[in-house]
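Visitor: I am new to this structure and should like to be guided through it. May we proceed by question and answer?

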Amino acid sequence: MHYLYFATGFAVLISFIANRKKTFKALKIGFSQFLHILPAFLIMLIFVSIILFFISDKLISDYLGNNNKYLAVLIASFFGSITLMPGFVAYPLCGILLMKNVPYMVLSAFTTTLMMVGILTYPIEKEYFGLKVTIARNLISLFIALAVALVTGISFGELF
Amino acid sequence: MIKKIGAIKITAILSYIAFISLSFIVGFAPGEQIGNNFKYFSIAMIKMLPCAFILIGLFEVWVKKETVEKHLGKESGIRGYTWGVLLAGTTVGGLYVAFPVAYSLYNKGAKLSVIFTYLGASAICRVPMTIFETSFMGIKFSIIRWSVSLPLLILSSFLLGNYLEKKKYKIMGRPSTQMAGKHEL
C-alpha cells in the first residue's frame, strides 16, 4: 500500500516542478471526478455493509464445504458475485478452506467471481457504462470464472 | 451534486444513517455490526481513492490524447491489449478503482475492446494480489487461473468492444456525467 502513496507524492512533486498551473488543474479534475462518483461509492458501501452482515465468513465456509462439488461451485460463484472482499481477507479464508478439504475448483470459482463479477459495484459501473453493458460484462465474467473453475478442477484431478 | 443523486437515493442514505445511529444508541447488535462493516470498508477505500483520483487528474492533464490513441486506440492492434493488461497489472484496489481509470482512458481515445480488457484484467491480473494468492493457494492455482481467464477475457472484450463500436455506444451517456468528464480540456 505504501508504494501507492510514495508514487502519488512523487508524481505530484514532479508535476509541480514541471508546471504549477497544470498540477493544480490536475488536482481539481481529480477532486471533481471523485465528488461526481462519490454518491455511487456511498451506495456501494451501504450495500457491502449490509450484505456482509448476512453473509459471514462462517456461512461461506459452511456452504463451500458441500459434498456435491458441482453444487459447491455454483454456490461459490453466487457468494463470489454478491460479496466484495479485499484479497488480503479472501485468500487467507481460502487457505483455511483448502485445509478443510474444499476442492481447488470451488475456491477458484469463488475467488474469480469475487474479483470479476461485481453485483455490489453495480452502482458505480452503471454510472459509467449504463445498465446493459454492465449486465453483459458481468455475465461474461461469470462465464469466464466457471471456465477457470472447470479447468482448475481438471488440472487438480478433482473432476475425473 | 445533490440534485443528481435523486430524492430516493437521499432518502435511502438518510434512513441508513438513522438506522445505524439508532442501533448504536440503543445497542442493537446487528445494526452495530453493519455500521462497523461500513466503517471498515470506508477506511479501506479512503486509503486508496485519493491517490487514485490524484493520479487520474495528473493523467488527464499530462498525457496527450494522441499518445493514448496511438497505443490503445483503433489502430493499436495487439499492442493495445498488451497495454491494457500491463496497466491493469499495476492497478491497486479492485474494479471500483478501475472504472474511473477506464473512463479516463476512454476519454483520451482508447478503444472499447481495450477498455474492457483493462477492466477485466484489473480484476484478475493485479500483480501484488497474485503474489499474495500464490502464497496461499500455490503457484499452479494462479497459473491456471491466468492462462484460462486472460485469453477468454481478451477474446470476449474484442467481441463485446467491436459489437458496441458498431452500435455507436458511448461510455457515460448521461449528459450530467459527460460534463463532469470534459473539464474544458
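Visitor: Which residues are buried in helix H8 (residues 127–137) of chain B?
Guide: This model is a predicted one. A residue counts as buried if 20 or more other C-beta atoms lie within 10 Å of its own. In H8 of chain B, the residues that are buried are B:Met129, B:Glu133 and B:Met137.

Visitor: Within what arc do the buried residues of H8(B) fall, seen down its axis?
Guide: The buried residues of H8(B) line one face of the helix. On the other side of H8(B), B:Val127 and B:Ile131 are exposed. The buried residues line one face because, seen down the axis of H8(B), they fall within an arc of 50 degrees.

Visitor: Against which helices do the buried residues of H8(B) pack?
Guide: The packing of the buried residues of H8(B) involves helices of chain A as well as a helix of chain B. The partners are H5 and H6 of chain A, together with H9 of chain B.

Visitor: Which residue just after H8(B) takes a positive phi?
Guide: The position in question comes just after H8(B), and its phi is about 90 degrees. The residue there is B:Gly138.

Visitor: How is B:Arg79 classed by its C-beta neighbours?
Guide: B:Arg79 is found in helix H5 (residues 78–89) of chain B. Its C-alpha atom is separated by 9.7 Å from that of B:Val114, 35 residues apart along the chain. Because B:Arg79 has 13 C-beta neighbours inside 10 Å, it counts as partly exposed.

Visitor: How many helices and strands are there in chain B?
Guide: From the N terminus on, the elements of chain B run α-α-α-α-α-α-α-α-α-α. The C-alpha trace of the chain spans about 60 × 50 × 30 Å along its principal axes. The count for chain B is ten helices and zero strands.

Visitor: How far apart do the C-alpha centres of domain 1 and domain 2 of chain B lie?
Guide: The domain assignment of chain B gives domain 1 as 1–47 and domain 2 as 63–182. Their C-alpha centres lie apart by 31 Å.

Visitor: Which helix of chain A gives the most to the side that touches chain B?
Guide: 63 residues of chain A are in contact with 57 residues of chain B. Several helices of chain A each supply at least two residues of the side that touches chain B, including helix H1 (2–18), helix H2 (20–54) and helix H8 (131–155). By class, this side has 41 nonpolar, 17 polar and five charged residues. The helix that gives the most, with 24 residues, is H2(A).

Visitor: In which helix of chain B is confidence lowest?
Guide: The mean pLDDT of chain B is 87, and confidence in the chain is highest in helix H9 (residues 139–166), at 96. Over residues 173–185 of chain B, pLDDT stays under 50. Where pLDDT is low, the predicted coordinates should not be read in detail. The helix of chain B with the lowest confidence, at a mean of 41, is H10 (residues 175–182).

Conventions. Residues numbered from 1 in each chain as written. Chains lettered and ligands numbered in written order. Predicted model: local features only at pLDDT ≥ 70, side-chain atom pairs only at ≥ 80, totals over all residues. Helix = DSSP H or I, 4+ residues; strand = E, 2+ residues; numbered from the N terminus. Contact = placed C-beta atoms within 7 Å. Nonpolar A, V, L, I, M, F, W, Y, C, P; charged D, E, K, R; others polar. Domains from an automatic or database assignment. pLDDT = per-residue confidence, 0-100. Buried ≥ 20, exposed ≤ 12 C-beta atoms within 10 Å, placed from the backbone. Arc of directions from axis to C-beta.
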